[in-house]
Amino acid sequence: MHADFGSELLARTLAGTPIDESELRHSTVLAAREGNSVAWPDWVSRPIVNAFAAQGITSLWKHQADAADLAFHGENVAISTGTASGKSLAYQVPILQSFLDDPLSCALYLSPTKALGADQLRSLAVLLSGRSEFSHLQPCAYDGDTDPDLRQWARSHSRWIFTNPDMCHIGILSSPGRWHHFWRNLRFIVVDESHHYRGVFGSHTALVLRRILRLARAAGANPVVIGASATMADPAVALSQLIGTPATAVTDDGSPHGARTVALWEPDFLPEITGENGAPVRRSAGADAARLLADFVIEGARTLCFVRSRRGAEITARSARALLAESAPDLVDRIGTYRAGYLADDRRRLERAIADGELLGVATTNALELGVDISGLDAVIIAGYPGTVASFWQQAGRAGRRGESSAVVLVARDDPLDTYLVHHPEALLDSPIEATVIDPTNPAVLDAQLLCAAMESPLRDDDIELFDAREAIDRLKAAGLLKKRAAGWYAAAGLEPYADIDIRGGIGGQVLIVDTTTSQLLATVDTGRAPSTVHAGAVHIHQGASYVIDELDLDEGLALAHPEDPDWTTSARKVTEVTISSTALVRRHADLTLALVDVDVTHQVIGYLRKSLTGEILDSVPLDMPEHRLSTKAVMYTLTPESLEAVGVSLGRFPGALHAAEHAAIGMLGLVATCDRWDIGGLSTNLHPDTGLPTVFVYDGYPGGAGFAARGHEAFGEWISATREAVTFCRCERGCPSCVQSPKCGNGNEPLDKAGAISVLGLISRLLTEPAR
Ligand SMILES: [Zn+2]
Ligand SMILES: [Zn+2]
């Protein structure tokens, strides 16, 4: 392959197919980078150098050496460099050396997914195989899949545990006595892919890490934390937010990579079909991705195509095969699918087939984004923006053989953020990844975590500082849940706080989805989300198979389903009310008031819409469901009626204009915060009882808030002006899913006034330039 392979692949594909070239919105070549290699630090012993030499690694990239050096000398390090830049080595070297220096020393490795942990453990095992110096290290997985005998063995023998925050919480920290020797000798904690810890999951993980650190410190250890993340804006700040302790960043990526052509693609409108309320419908991202996949494979490019859902991945592979059956039948069998949920053997077989080129094109979920070591690919197609810039680069980074050039194509979905990004390539290609939003002081997260911490060891003054928990202690004391004694704060007798915490941000327990024809448990869903996702009649997709829910029993926590593959999807209709319970951070700019508020949100699902697979509405079915309440945080703005009328929005148009502005803003919040629209909700009204004015709320969908609304408040101007551009430049006439329609609207996307929304958003941007009061 030669230097311009990526660009030429794209050019050949466009030239050789009937796809209208205008769908290519942007294309750019990111220059190749030379490697910067340095010698091994002098503290690294011969057995380590030998082990890596046997893998063909004889020197380090500069960032690896810098990070290893800092960590070995006792500093917390946040290493933030590109995909495949060899971040693992930066933590393996100091940990292995500390073990050679002191065979009792221990290390803890945390990953957000079991698959990544397993992959890291496997590569470590290969590195150490047959090397007697390390035979007592016994690295071992300790997660939900580890059987009880092996767990017991790992506790007594392993000096390097590979696990995840969930298991730390429920399976390790919950029995601190059994782990005392481990805490006492804990020298390193690795937090891999640390940018994945965001929102409620990130807040819980931050507190789990503090619980680990305090037990280790109490046992006499002072572990060093090594955080590894994708390239991000301020990695040292992000890591120190997670661990409550300062860290040093290493960001100067010394690994080489080839030139990369990045193209942004926007599927065109379909000529005949109309969607909700007559909106135009675009060809799906999956359909265009399948065409590109087939074309790339015909050109001989080994290509990975990332698709957002499992079902989507299967459909994309099937469509690509169908296209090849017409134009290049000998290539049909060289397209495959990859996703989580396959058995380990099947997964290995697929990974080998990808690695050795037996498969030329593979449609995959984000299961191949993290961990699995796949290299030697020429091109990556990303069907739908993966939600964060970090994920985008991680997926893009899968392409590019050692130093060779590659092509990356992002195919936009019919969604405001995707559409905005393909029209504003600088927001995707030139900006650092979004600030990772966490809020470990959220009472809904912190209070329960503090009770766990108090069970593990009484809370003393320095713990209260580590957890930033003064107010929380007062709350828990007033509720009779914490008691003060001489040694510190103890949890009240009889508490069992562990099971009440869902680290991944579940709300109020779980509903089990059961296939009644086989009695098989399919999946679980948070009780809080169940009414809108697994109500009677809802279509539920599980591992590519489709089910219809027959009955939802919230008291029993059961949703009963049967296999069925109907030609429609369902979306809940609901009524939402918001009341303000307290207000902080209010700013007035003339007729605009902006605030961060505590709110009580009440939802009630009142029915659902059935939509054909092309997006047409079939009918509306009523349901009788109980109310659901949520106390959370919201970013809120109000405008005066006079200011709206002055920009041409008459009273009768207030509801549609505000509703459309609210939808678009929710769709765009992901630009400034690491969330997607399913993490947040909204409400707009032309007269809110608490404000007496036209008001829009955008709230966190988690009890106590997840930090997204706070981030929206902080970056309000940037967020609203991007939203205004997204709506203004959408080519539809009266609103579509790329601008103001929302797939989760509880009101069937009515009323929506696109022109009114543009006026509202423009008005806000203008008022923000007025002096604040
Ligand atoms: Zn539109
Ligand atoms: Zn709506």
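Mentor: Two strands count as paired if DSSP finds at least two bridges between them. Keep in mind that this is a predicted model.

Trainee: OK. How many bridges join E5 and E8, and in which sense do they pair?
Mentor: Five bridges, in the parallel sense. Strand E5 covers residues 106-110.

Trainee: Which residue in E8 stands opposite cysteine 106?
Mentor: Leucine 186.

Trainee: What about E8 and E9?
Mentor: Parallel again, over four bridges. Strand E9 spans residues 224-229. Phenylalanine 188 has valine 224 in E9 as its bridge partner.

Trainee: And which helix does the chain pass through from E8 to E9?
Mentor: Helix H9, residues 199-218. This β-α-β crossover is right-handed.

Trainee: Why is strand E8 described as largely enclosed?
Mentor: Five of its six residues, within 186-191, are buried, so the rest of the structure largely encloses E8. Buried here means under 20% relative accessible area.

Trainee: Switching to the metal. Which residues coordinate the zinc ion (ligand 2)?
Mentor: His659 and His663, each through NE2, and Cys745 through SG. The distances run from 2.0 to 2.3 Å.

Trainee: How are those donor residues spaced in sequence?
Mentor: The pattern is H-x3-H-x81-C. Histidine 663 and cysteine 745 are 82 residues apart, so to speak for distant parts of the chain, and the pair links them. Histidine 663 lies in helix H22 (residues 654-668). Cysteine 745 sits in the loop between helix H24 (716-728) and helix H25 (754-768).

Trainee: Are histidine 663 and cysteine 745 buried or exposed?
Mentor: Histidine 663 is buried, and cysteine 745 is too.

Definitions and conventions. Residues are numbered from 1 along each chain as its sequence is written. Chains are lettered from A and ligands numbered from 1 in the order in which they are written. This is a predicted model: local features need pLDDT of at least 70, side-chain atom pairs count only at pLDDT 80 or more; totals for chains, interfaces and linings use all residues. Side-chain values use heavy atoms; hydrogens and water are left out. Donors are N, O and S atoms within 2.8 Å of the metal (3.2 Å for Na, K and Ca); water is not among the atoms, so sites may look incomplete. Helices (H or I, at least four residues) and strands (E, at least two) are DSSP runs, numbered from the N terminus. Buried means under 20% relative accessible area, exposed over 50%, partly exposed in between (1.4 Å probe, protein chains only). A crossover is right-handed if, with the strands pointing away from the viewer, the path from the first strand over the helix to the second runs clockwise.
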